[in-house]
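I opened a notebook page for this structure and wrote down each thing I looked up. The entries follow in the order I made them.

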Amino acid sequence: VCSSCTAAIPYISESLLKRRDFLGASAVFSLLAASPAFAAKKSDGKKPTAKSTGSTGKTTKSTKPTKASSAKGKPQAKPQTKPTTRESGSESEQRAEPSTEPRNVLSLPDEPAQWRTYDVHSQITLKSLKGKARLWLPLTQYKDTLWERSLGYSWKGNFEDAGVYRDPVADMEVFYADWPEGTSNPQLQIVSKVATQKRTFDITRRVALAERTEVLRRALQPNDLIPIDGIVQRTAERAIGRFKDPLAQGKAIYEWVVENTLYDPLRKSVAGRNIGDMLDSGDLSGRSGDIAQLFVALCRSIGIPARPVFGLRMDSSRLFGSLGTNGNLSTAQHCRAEFYSPGYGWVPVDPADVRKAIREEHLGNSDPKLTVLKKLLFGFWEMNWIAFNAAQDVNLRDSTGKTLPFLIYPVVETKDGRFDSLDTQRMSYNVTASRADY
């Protein structure tokens, strides 16, 4: 990166991300200096002592991932000083129990972990409720990675029943709560503790472990939103040209998506758009989910495993102000993507944030900031964001409704049908995040 480019980006400084452009020349990106506030304190590294409580107020232990005894305790969460007890009246509070499943987090050998721990508070109140109601809420991905760790959950409310279940096929955890008929002002408060650090991809470092065959097979399948034949396949073939290497093909598709899409935050649909219809119409504008799934569809159509990753922004960005958030996060959902390259594993990309920065920061095609950002977001995720899941075609447990294309918002069902968090006439939904390691 030339000196004029580096001077143009305010966030570039001491910490270096070493990555080599796979078409030839090696490139070194200066990246993400810690702000004074973030550098002030670090996580204490202690293990949480999460408990679950019965109606007697006594603490109990369970290894089942259902009901109120699910979720995992991990390093860096602060220990609980008191067992949680059942409150008076109809309101109850429960805490998830740490799982005995071993963690698979490893430290990068030449880059010390710089984990940040957050408490994510979600508060939901249902309005104009008729009859029974059930709520489903996506939770932080339960499998530890090099960039994200789930440290457990706690919740309280005037529900009749609540807990966490794990969907092994969709590879996700979901919180649920039930309110009986006649419940006045149904309420829920849930706190998720999560630790994150930036995710980087280095082409100079190959991985030894291959992904499971069934995971790769799922990441190649079409669905209602992601067709992989016809115009989708023809577009992907034009985008990759003569490249034969999967990593080069993935980068060519990423660059094609960045060059040809537009970020449109005004689209109100939460169900996503059919990628084939987008390409047929020539209208490639959309929200982050549309842009990420366009990338996924193009990759899958030429045999590259790829998947969208649905999650939530929860902090400010060191890249651009428009790529961060604060305050109420109830509309801060954001979808990224990753594709699989043999020998390298899953490669992270975020074409939607390139398009968002172009729109919100008024970046021109010749702007050196844009040149650096395009290169940076192939192989990098800034972890002011938490991943929920990569699940598609989601069937909610005990639901009477249709299959969902994905699960990124809270969903509620009553006898009158299903509604989501954007229906403010029927649901009050507020989410905030705070640093827990200060």
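Entry 1, charges over rings. The model is a predicted one. I looked up lysine 251 and found its charged end over the ring of phenylalanine 378, 6.0 Å from the ring centre. I also looked up arginine 307, whose charged end sits over the ring of tryptophan 346, 3.8 Å from the centre of that ring.

How many aromatic pairs does a search of the whole structure find? I noted nine. For each pair I wanted two values, because a pair of aromatic rings is described by the distance of the centres and the angle of the planes. Tyrosine 165 and tyrosine 176 form a tilted pair, with 6.4 Å from centre to centre and 40 degrees between the planes. Tyrosine 165 belongs to strand E9 (residues 161-167) and tyrosine 176 to strand E10 (residues 172-179), so the pair ties together parts eleven residues apart in sequence. I checked burial for these two, and both tyrosine 165 and tyrosine 176 are buried. Next I took tryptophan 381 and tryptophan 385, an edge-to-face pair with 5.1 Å between centres and 70 degrees between planes. Tryptophan 381 has a relative accessible area of 1% and is buried; tryptophan 385, at 0%, is buried as well.

I found that the largest nonpolar core has 83 residues. Which residues have the most contacts inside it? They are Trp155, Phe175, Phe295 and Phe339. Helix H7 (residues 288-301) gives the most to this core, with eight residues. Another core, of twelve residues, lies apart from it and includes Tyr165, Tyr176, Leu396 and Leu407.

I located leucine 247 in helix H5 (residues 246-260). Is leucine 247 buried or exposed? Its relative accessibility is 2%, and buried means under 20%, so leucine 247 counts as buried.

I went through H9 (residues 368-376) and marked Leu370, Val372, Leu373 and Leu376 as buried. Why do they lie on the same side of H9? They cover an arc of only 165 degrees around the axis, which puts them there. At the start of H9, I noted a side-chain oxygen of aspartate 367 within 2.9 Å of the backbone nitrogen of lysine 369.

I listed what serine 399 touches, leaving out residues up to four places away in sequence: Trp136, Glu413 and Arg418. With glutamate 413 there is a side-chain to side-chain polar contact of 2.4 Å.

I then looked at phi. Most residues other than glycine have a negative phi. Aspartate 393 has a positive phi, near 55 degrees, and its place is in the loop between E19 and E20. At 38% relative accessibility, aspartate 393 is partly exposed. Aspartate 398, found in the loop between E19 and E20, also has a positive phi, about 65 degrees. Its relative accessibility is 58%, so aspartate 398 counts as exposed.

Notes
Residues numbered from 1 in each chain as written. Predicted model: local features only at pLDDT ≥ 70, side-chain atom pairs only at ≥ 80, totals over all residues. Heavy atoms only, no water. Polar contact = N/O pair within 3.5 Å; in protein donor to acceptor, adjacent residues only side chain to side chain. Contact = heavy atoms within 4.5 Å. Buried < 20%, exposed > 50% of the residue type's maximum accessible area, 1.4 Å probe, protein only. Helix = DSSP H or I, 4+ residues; strand = E, 2+ residues; numbered from the N terminus. Arc of directions from axis to C-beta. Phe/Tyr/Trp six-rings, centres within 6.5 Å; stacked < 30°, edge-to-face > 60°. Lys NZ or Arg CZ within 6 Å of the ring centre and 35° of its normal. Core = buried A, V, L, I, M, F, W, Y, C linked by side-chain atoms within 4.5 Å.
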